Amino acid sequence: MPKFIKNTVGKVNTTLGFFTLTVVLFWLKTYIAYQHEFTLGVKGTVQQFLLILNPFPTAIVLLGIALYFRGRLRYWLLMIIDTLQTTWLFANILYYREFSDFMSAGVIKSSGAASNNLGTSLGQIIHATDFLVYADVVLLILLLVFKVIRIDPRPFKIRYAATMTMIGVALFAVDLGMSEHDRSDLLTRTFDNNYIVKYLGLNTYAGYSFYQTEKESATRAQASSSDMKSVLAYLKKNQAGENVKYFGKAKGKNVFVIHLESFQQFLIDYKVDGKEVTPNLNKFYHDKSTLSFDNFYHQVAQGKTSDAEMMMENSLFGLPTGSAMTQYGTSNTFQAAPAILAQKGYTTAAFHGDVASFWNRDNAYKSWGYDYFFYSSYYKEKADYKIGYGLKDKIFFKDSVKYLEKLPQPFYAKLITLTNHYPYPLDKQNVSIQKTTTGDSTVDGYVQTAHYLDQAFAEFVSYLKKAGLYKNSMIVLYGDHYGISNNHRAAIAQLLGKKSITNFDLAQFQKVPFMIHSEGIKGGVNHTYGGEIDALPTIFDLLGIKNKGYIQFGTDLLSSKHDQTVAFRNGDFVSPTYTKLGSTVYNSKTGKKLTDMTDTQKKTVKQMQNHVTTELSLSDRVIQGDLLRFYTPKGFKKVNKSDYNYKVTKTLKSLKELQKEKKTSVLSKNKGKSTVDLYQTDAPELSDSSSSSSSSSK
Ligand code: GP9
Ligand code: MN
């Protein structure tokens, strides 16, 4: 063996040599993961360089801790720290695959509530090769155990260890300095988590995220009633008021809010092989009594469904990281739609075919004033009734009816569907439309579950018609967030029949349906720009409730004063004129980048950006500081969470008693005869006679 190689190999038998080898191997796999597992959007040589550099500083500092210890302990500590860092990398690879985002401390905090479903999907997204990230650690340990690499027993001088720490810190300073230069306000403004990882690395991101979460708890402790003043001042200036033409047009009607899981606007009128994917939703969308919005965007971040629910029913934004419903749903004071409506005589109920704890619904719904919450335990459970995250939509809708018919009218009922959820699995017997053929396996099943959801919805609507509920109800439909994440550019391009996809196209791809149907209102496709934050004031308009006095950040889509600048949760925005994504401004009409902007244009965009940043941060202040505890709208009674109990036995008893007290439920109106038999479904799971008249009280 040449002397040079022999010398180099020999070095691994010294502390410094082994340490260097560990650092380099960790760097290598992190860099490979950066390239293959995450979509970091690295542009230009500076960013390329920083991506290569950024695993080093924290790895040197963290692994360097071991250098301060003696002999064998030093080596084992090195391996333990390496394993911990690797586990963080491993967890993020899996998390990113599903959520196209990095894990945050907020998500980890929430994971108690979300663990069930994270576990479900984990099984589906994990690849055997993922474990290869541990290969270097295992190899190093084996080499040590079998004494191929010998442990250097000599003490490692403290001043050398300190030098190593200093090298790490210095590299970190270089990394941070260059990053700030390339992207100012990197750590102060809430950009995408991808930015933090791209510039500062995965370990730094972990520290940043934990720091943010701690800060959140502190903000809450520090908040005081005077903080409400700036919120009230903002709302006074920005709330839009109602549209007299629509005000109260659905007053006193029941309200159905149907949550279309992962449903994007592009599916409306979309065809595969000449066949409509969602014919029934399309019909509903074009109905003359349906107000449909075709420039309506989801505005969720990591909280996904829970962010959508937060916006739809509180007109408050979700948080930049984690889930507001999970982190603050239990302890905060809210003035949510169910509570407001309940105090106006509505019975309020949420229906969902998953466990109650997911997204902390069982607690948050109490804070929001839901009288009832029907979750998985309320439904008959059979192995083939479930797929992916819970009950199949057709069965879910049908089996909700036996509770629905017992609710005194008027009621506010939210039904959260589930089958159209990533990774879009559907059993053969329920498949009735071709997959798309992009070749991207996570994308191609999407139209099949969407088609299934469409059929389930149609069955529900036809029941509503038979039970007389269609006429006296306002039916609201919304898609909660994207189903196909931005990671699938090539497939998206194919689905949309485009050659390639720009960032502007991706922003447009965040449109979700928002439809309001009420017999007698003037419907039509409305092109107003808006988002989930605007849903509640719009719904209130139709129900004849003024939103003045409520802390709601959205504005009525029907109001002439409605604000059409739609904030994305990361501070980007779309509007009918300008779309701003990161630092790039686009002409919303043409989708072209605006390069030479006039001073007036720059000023307008700056004003829009200020507005977006202000509304997001004020909404965050409300949630993080629990500010609603300091403010009660006129005529509103503070919700007392202990008034609510979602235990099955309690609920069934209460519903029974209610039938005697109030004679307004569908069941009472039908002289005590159940309407369940009116429900027709072609769900194959229910086709045998024994299960067609399902009853499942447990
Ligand atoms: C889980 C369901 C899915 O109960 O609402 O939530 P998501 O993964 O879409 O946020
Ligand atoms: Mn969802």
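Pro423 sits in the loop that runs between strand S9 and helix H18 (441-444), where helices (H or I, at least four residues) and strands (E, at least two) are DSSP runs numbered from the N terminus. The peptide bond between Tyr422 and Pro423 is cis, with omega about 0°. Tyr424 belongs to the loop between S9 and H18 too, and although Tyr424 is not a glycine, its phi is positive, about 55°. Is Tyr424 buried or exposed? Tyr424 is buried, with a relative accessible area of 4%; buried means under 20%, exposed over 50% and partly exposed in between, with a 1.4 Å probe and protein chains only.

For context, most residues other than glycine have a negative phi, and most peptide bonds are trans.

## About the model

This is a predicted model, in which local features need pLDDT of at least 70 and side-chain atom pairs count only at pLDDT 80 or more, while totals for chains, interfaces and linings use all residues. Residues are numbered from 1 along each chain as its sequence is written, chains are lettered from A and ligands numbered from 1 in the order in which they are written, and side-chain values use heavy atoms, with hydrogens and water left out.

The protein splits into domain 1 (3-221) and domain 2 (227-643), with bounds that come from an automatic or database domain assignment. Taken over C-alpha atoms, the centres of domain 1 and domain 2 are 37 Å apart.

Glu261 is buried at 2% relative accessibility, and Thr305 is buried at 6%.

## Around ligand 1

Ligand 1 is surrounded by 12 residues, and the closest are Thr305, His352, Asp354, Arg361 and His421; a residue counts if one of its heavy atoms lies within 4 Å. Oxygen atoms of ligand 1 lie 2.7 Å from a polar side-chain atom of His421, 2.8 Å from a side-chain N or O atom of Asp354 and 3.1 Å from a polar side-chain atom of His481. Taken alone, ligand 1 exposes 310 Å², of which the protein buries 99%; such areas come from the Shrake-Rupley method with a 1.4 Å probe.

Another cis peptide bond joins Gln409 to Pro410, with omega near 0°, and Pro410 lies in the loop between helix H17 (393-404) and strand S9 (411-416). Lys671 has a positive phi of about 55° without being a glycine. Lys671 is found in the loop between helix H25 (666-669) and helix H26 (689-692), and at 79% relative accessibility Lys671 is exposed.

How values were computed. Polar contact = N/O pair within 3.5 Å; in protein donor to acceptor, adjacent residues only side chain to side chain.
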